[in-house]
Amino acid sequence: MFSLSEDRRGTSPPVTSTQPSVPPSPTSTVTADLSTELTEISALSSTVGASAESSTGPSHQAAATRETTPTGTIPPTDTHGTPVRGQVSNLATNSVSAATGRDKDVTRFAKEMWSKMTEMDFNEFMKEYMPGPDLPSESTLKIPDFDKDKLMALENTVCVEICRVAQAIFDGCPNKEKLVARNTRDHADSSDHHDYAEQLRVDVSVYPTHRDARADYASADDDSEKKEFRASTRWAWISLLVEIKTALDKCAFTFDNKGGYNLKKSDKAKGETNREDGNGSGGVSAQNQSHDDPVKSAAGNKGKGKGRGRDSGSVRARGRGGGNGRSKGKGTAKGMGKGKVADVDDDAEDPTKQPEQDENSGKTDTKGKARPFIRSGTGANDSLGQMAEYVSKLFRRQHRLHLFTLFIFKGQARVIRWDRAGAIISTPIDFEKDPSLLHQVLWRYACMNEVERGFDPTVVRATVEEIEAMRTCPAPNGWADKCRQDALGQPGWPVYKIMMRPDDLINQQGIQPLTKFMKPDPVDSIAPGGEVSYIIGKRYFATNSPSGRGTRGYIAYDVSRNRLVFLKDYWRSRLDSSIPEGEALKRLRASGVRNVPTPLAAGVVRDDAGVTQKTCTQEWLKRDERTKCYSPIQEHYRLVVKEIGEPLTEEVKSVWELVKVICDALYAHRQAWEVEKILHRDISSMNILVYRYIDHKGQPRVVGLLIDWDLCKLMEYLGIASRPARSGTWQFMSARLLQRPGKKHEVADDIESFIHVFNWTCLRFVEHNLTGKPRLLQMHVVHMYEEQDIMVDGEKNEEEVGGEAKGIQMLSGRPAVKLTKPRTPLGKLLKELASICRQHYLAVEPESELVSQAVPLDSGPDEDESLDEMELFEDPLESDSEEERPETPSDTASETLSKHKKVYNAFRRALDKPKVEWNSVAATPDQFNDPVFKNSIVFQRRTERSSQRSSGSKRRLDGESADMTKLGPSKRMRSATVTGLESLEEEGFVAPHDEAQEQ
């Protein structure tokens, strides 16, 4: 039972009447990998003078990749190619202008991929990743000649020309899995509702020809389809996509600038690069470019270095002067020659920074570093972000291990292979001069089987009978039933069957009950018959990042046991310091830890031959200069859990229940740490679920679950990292973690995160001094939970920091939420928690200048030792609670958050108050559901958008290495999704196993 944990919906309204609720993931799911841009927020004063970002949601994203055009009509011509940037809107708050959510997503995608792309010689790329039969003779295939004038024309004309030639090749391929090429640039996916970037349209889409796919993408206008190959974009069926540009300043990669197109002076001033590329092996090469820097081109320098052997003596060499190469033979390798440009130079400035441009030579000065194949400038960055956004859509909508795309500019093309570790880009080919080069690419792709094209062989289409079984099986609760109905019968979302291995099943004999009131489930003792398989429909949630974890969550039907479960699918880093989530849950539940999900099956995904599904791009990426480590292998991982819970903020039935659910999650966290020495490290509102069940006496009960344990670590590994780093969800991370990027993650940080979740929830659902003042409330939420700035540490290290407002709040000793009815159990709890936080910060921040500014309070009980350790294993609300102690001064410095007891006892004392006292604290409708929140970053964190989760606020690669004890400068990476809270993850790396052994 999981819900999204990396969801960026921290501070947003649940659902509007125009958009159906899409649940946040119900299992320890959520995570996602990779790196979301939080809005740039100016520092706000303590009086709540805030800046807000205009961020549009799915139904408000008018600015899409292309201007929306009614189906069946031809859009206005655009001489500069496909527009990719959204419009910028200005908000009146403190004169802050902010880009739309889509615009920031494109920028974020470009940043994310900058260090995850590498170039490879075209011939080598084809041999390595697109092997296959040679192209038959032209007389056999009867391939029409390219009209070279049309290749230099507008995008639509180029689309038609590419489709015309490609279709002749596809028709001539003997492969049973036939393909068609369609011009889809004018029609968006009509099934892509309530998903991020809804109006995206691909230039050319290659589709399968089977009945289901054709019925979905085929144009209603048969004549238009025949003449111009027109069809609709359908993300569920695209096998290969082609992006076409007609202006060099809109190209993400370097090409020969045919036609003499010159950049406008305004573009040059912005840093657009317009460099001519020489010719190399297989076509146009980035190797002969002229660069005005000491390193020169990575292709042009010779250098000696150690290489890693691969296949037939192929050596990747890293030489002096930046010469990174791959050459045949052993020993040293000199420069690049005709080898691949292996690495993206991580020393260059950020791609979104505009480098200085020499108008005459076209040489780029970026602090003496040059990119051999990725162009710089606003248009190029937008183009790269757009391409990555397409890829993210495909990974999100399909079950792919990798995929291929083509990038075409004026008779030239690059072939790109994407996986969850990044992308490998071929050197450009000039198919205007030699059409057989592109013919060979299309032919090889047509001859591939589905697995070679990147489709997951462990996922197949579900049968009608299996779909009906899922639709009619009993649901454990009303929420699960609703989610099941939402997953089935959705246009554009085929229903699939996921197959797991019998070895992935977790023996339930040693698993202790979720709570002591729960009766054993006889179904758990049934041995599965035949295959272990699960039926899934539309995803419950998914991240939108093109790289990293790529977490997706599904309400699934367990075929062998005829029940609904929750399935989480993602990619995890292969690291010795990281414990697999399924193993962590098994250990916790076997040890009697309660209020965490029940693991049913888990494991790395393997094919029928037992081969692990993993990424390969990391093999070609450059070593991180600070850690001296390579990017880790990403392995495909699945987890199935029993419980399907609803988000903490989905439906607040009472404030008492809300407090109990958070207390239950805190109890689980306490047990995990004290019993198994496992620290969660990602406490957020979306990682706490409400689970409703019927107890052994037939009475309805509710319990809070703590989910999403995929970032957890054993105590022994907490101090071992390749570099200092942070883990968690930005909005709920401790003030000290936000202020100090290199700080070690401690128990106190997690406990403080529980308090931030509690305060944030009260702001949404309890009456307080800002209730009825939505603009002030929105500004306060942004100020307290979204505060962010960039701290520059030296020339290269830029750290995202925040938490100043939180730090002031922690030291103040005042309740974070000023209730209109403070003399209630809730008011006393808020007051006591504020006192506990103040005591802790007085102890850990004794030198802070804020200490002298803080006002002493006189609230908060002493440490209560009456709860013995055995009570840890009893239900928090069933054992007798001690009487409330008289209040004592709270100005005594003590690390009160370093252990759970103080905070946990505060919650218990409040919950044990008579219900009549709690009845005076009524829950309000969601106060973040006011229209004013839709013009701010808070809107991005709304409940129904959790399904579009960005890898943004959450972490990316879990890159710490247990083998690396040398601490260095840190740089936290952000992952991206477009709705819901996401989490931050440390950026650390380990060398590939084979290379590590050589060293």
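Visitor: Which residue stands opposite P647 in β28?

Guide: In this predicted model, the residue facing P647 is L689 of β28. The general idea comes next. Strands of a sheet pair through backbone hydrogen bonds, either parallel or antiparallel. Here β26 and β28 (residues 688–694) run antiparallel, and two bridges join them.

Visitor: In what order do the strands of that open sheet come?

Guide: The order is β26-β28-β29, three strands with antiparallel pairing. At the edges are β26 (646–647) and β29 (700–706), each of which pairs on one side only.

Visitor: Now for side chains. Is strand β15 largely enclosed or left open by the rest of the structure?

Guide: Start with the general rule. In a regular strand the side chains alternate between the two faces of the sheet. Now look at β15: Q412, R414, I416 and W418 point one way, while A413, V415, R417 and D419 point the other way, and all are buried. "Buried" here means under 20% relative accessible area. Because eight of the eight residues of β15 (residues 412–419) are buried, the strand is largely enclosed by the rest of the structure.

Visitor: Which strands pair with β15?

Guide: Let's take the partners in turn. Strand β14 (residues 403–409) pairs with β15 in the antiparallel sense over seven bridges, and F407 stands opposite R414. Two residues lie between these strands in their hairpin, where K410 takes a positive phi near 45 degrees. Strand β16 (residues 422–426) is also antiparallel to β15, with four bridges. A two-residue hairpin connects β15 and β16, and G422 is the bridge partner of D419. Then there is β17 (residues 429–430), antiparallel to β15 over two bridges, with D430 opposite Q412.

Visitor: How many bridges pair β22 with β23?

Guide: Seven, in the antiparallel sense. One place to look is Y554, which stands opposite L567 in β23. The two strands form a hairpin with four residues between them, and N562 in the turn has a positive phi of about 50 degrees. Strand β20 (residues 532–536) runs antiparallel to β22 with three bridges, and there Y534 stands opposite D558. Strand β21 (residues 541–542) is antiparallel to β22 as well, joined by two bridges, with F541 and G553 as bridge partners.

Visitor: Last topic: cavities. How many cavities of 30 Å³ or more are there?

Guide: First, the idea. Rolling a probe the size of a water molecule over the atoms shows where empty space is left. In this model the count comes to 14 cavities of 30 Å³ or more.

Terms used
Residues are numbered from 1 along each chain as its sequence is written. This is a predicted model: local features need pLDDT of at least 70, side-chain atom pairs count only at pLDDT 80 or more; totals for chains, interfaces and linings use all residues. Side-chain values use heavy atoms; hydrogens and water are left out. Buried means under 20% relative accessible area, exposed over 50%, partly exposed in between (1.4 Å probe, protein chains only). Two strands pair if DSSP finds at least two bridges between them. On a 1 Å grid over the protein atoms alone, a cavity is a set of points where a 1.4 Å probe fits but cannot get out, and a pocket is an open set with protein on both sides within 12 Å along at least five of seven lines; lining residues have an atom within 4 Å of a point. Grid points are joined across faces, edges and corners, and a volume is the space filled by probe spheres set on the points.
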